[in-house]
Amino acid sequence: MNIYLLLLNKVLCEGINKKDRTGVGTLSIFGHHMKFNLKFGFPLVTTKKCSFSSIVYELLWFLNGDTNVKYLNDNKVFIWNPWADKFGNLGPIYGKQWRKWKTVDGTEVDQIKNVIEQIKNDPNSRRLLVSSWNVGDLKKMALFPCHVLFQFYVVKNVLSCQLYQRSCDVFLGLPFNIASYALLMHMIAQQCCLELGDFLWTGGDIHLYKNHIIQAKEQLSRVPFPLPKLIIHNKPKEIFDYSFCDFSLLKYKFHPAIKADIAI
Ligand SMILES: Nc1nc(=O)c2c([nH]1)NC[C@@H]1CN(c3ccc(C(=O)N[C@@H](CCC(=O)O)C(=O)O)cc3)CN21
Ligand SMILES: O=c1ccn([C@H]2C[C@H](O)[C@@H](COP(=O)(O)O)O2)c(=O)[nH]1
């Protein structure tokens with residue numbers, strides 16, 4: 001995960017003071033690109049403890065089209081709670097847009113089902129995209145999508161994926177985002193009988209919150225461990241049929257957790 005640490009260091013050293021919506025204040029840079037070859041291991045940050053179970057449950061929750069925190073809370077994941085209303089609802093965020101994007105004529109589009117069918121039937125397509133940036137729905141969302149657009153690419157039976165993340169909390173959010181898309185790629189590669197290629201990450205406003213500076217320095221003082229390996233025990237009929245116990249992370253060796261407050 002040296003390339004993640006290089007980015008963290010870059011934001012720390014070159015980031016410009018920038019005010020932000022939350023009022024916390026950030027050090028910010030604009031634009032950066034990283035490439036993770038998934039053949040070399042599962043890209044979960046090792047220089048602090050990251051909760052793999054939170055990452056799995058959050059992805060299963062998105063794939064279920066769910067936008068209420070109840071499922072996450074039932075599985076001891078509380079990362080979305082600060083933005084939920086008193087009923088646990090977050091409005092039409094990722095799950096809704098991935099699975100039930102509402103068009104002007106009232107029909108719903110299942111972008112995940114469609115993109116997997118396209119990868120299977122027309123892997124050379126240049127239209128293998130999923131977008132969460134539904135302009136007409138933005139005002140109803142508790143938080144605008146940060147990982148807004150992703151595209152798949154297949155060549156020689158190898159699957160790659162590129163994500164555009166418009167806004168990136170480099171200390172708390174990014175380790176989750178990288179691992180989540182790597183996990184999604186593992187699932188889609190399995191479903192489509194493809195080998196794993198690169199996860200490409202492109203960021204827009206990449207920021208370190210001012211109250212994460214000490215934590216970032218602590219993390220940068222640590223030496224990374226080799227990457228863990230992801231095992232999927234089962235091949236369900238559809239991408240929507242995976243459950244938590246289908247996944248195991250082998251040899252995840254990590255440094256102690258580093259506490260940090262989330263900017264709301
Ligand atoms: N400011 C901000 N940063 C984010 O990364 C973010 C948001 N807001 N809002 C929406 C989601 C929620 N996400 C979150 C929220 C909290 C943690 C967090 O507190 N992580 C801790 C502990 C996680 C756990 O125990 O499972 C960590 O140390 O990684 C991470 C991602 C990512 N997103
Ligand atoms: O998956 C996610 C979700 C959110 N974030 C971060 C990026 C920003 O710090 C905030 C969102 O604030 P905006 O004012 O809407 O940009 O959440 C993330 O890094 N990853």
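Analyst: The shell around ligand 2 is made up of 6 nonpolar, 4 polar and 2 charged residues. Here Ala, Val, Leu, Ile, Met, Phe, Trp, Tyr, Cys and Pro count as nonpolar, Asp, Glu, Lys and Arg as charged, and the others, Gly among them, as polar. This is a predicted model, in which local features need pLDDT of at least 70, side-chain atom pairs count only at pLDDT 80 or more, and totals for chains, interfaces and linings use all residues. Residues are numbered from 1 along each chain as its sequence is written, while chains are lettered from A and ligands numbered from 1 in the order in which they are written.

User: Which residues are around ligand 2?
Analyst: They are Arg21, Leu143, Phe144, Cys146, His147, Ser167, Cys168, Asp169, Gly173, Leu174, Asn177 and Ala263. A residue is near a molecule if its C-beta atom, placed from the backbone, lies within 6 Å of it. At least two residues of this shell come from each of β7 and α6 (173–191). Helices (H or I, at least four residues) and strands (E, at least two) are DSSP runs, numbered from the N terminus.

User: And what surrounds ligand 1?
Analyst: Ligand 1 is surrounded by 13 residues, the closest being Ser51, Ser54, Ile79, Asp169 and Gly173. Its shell has 9 nonpolar, 3 polar and 1 charged residues.

User: Where does UniProt place the "binding site"?
Analyst: The unreviewed UniProt entry places that feature at Asp169 and Ala263. They are spread over 95 residues of sequence but cluster in space, with a largest C-alpha distance of 9.0 Å. UniProt positions are given in the numbering used here, feature names are shortened, and annotations may be inferred rather than shown by experiment.

User: Is Asp169 buried or exposed?
Analyst: Asp169 counts as buried because it has 22 C-beta neighbours inside 10 Å. A residue is buried if 20 or more other C-beta atoms lie within 10 Å of its own, exposed if 12 or fewer, and partly exposed in between, with C-beta atoms placed from the backbone. Asp169 belongs to strand β7 (residues 158–169).

User: What about Ala263, buried or exposed?
Analyst: Ala263 is buried, since 20 other C-beta atoms lie within 10 Å. Ala263 sits in the segment after β10 (247–250).

User: What are the two in contact with?
Analyst: Leaving aside neighbours within four places in sequence, Asp169 is in contact with Leu174, His207 and Tyr209, and Ala263 with Thr22, Val24 and Tyr209. Two residues are in contact if their C-beta atoms, placed from the backbone, lie within 7 Å.

User: Changing topic, which residues of α2 are buried?
Analyst: They are Ile55, Val56, Tyr57, Glu58, Leu59, Leu60, Trp61, Phe62 and Leu63. This makes α2 mostly covered, with 9 of its 12 residues buried. These buried residues pack against α3, α4, α5 (111–121), α6 and β10.

User: What follows α2?
Analyst: Gly65 follows α2, with a positive phi near 75 degrees.

User: Which residue has a positive phi although it is not a glycine?
Analyst: One of them is Lys76, with a phi of about 65 degrees. Lys76 lies in the loop between α3 (70–74) and α4 (94–100). Lys76 is exposed because it has 10 other C-beta atoms within 10 Å. Asn157 also has a positive phi, about 70 degrees, although it is not a glycine. Asn157 is placed in the loop between β6 (147–155) and β7. In general, most residues other than glycine have a negative phi.
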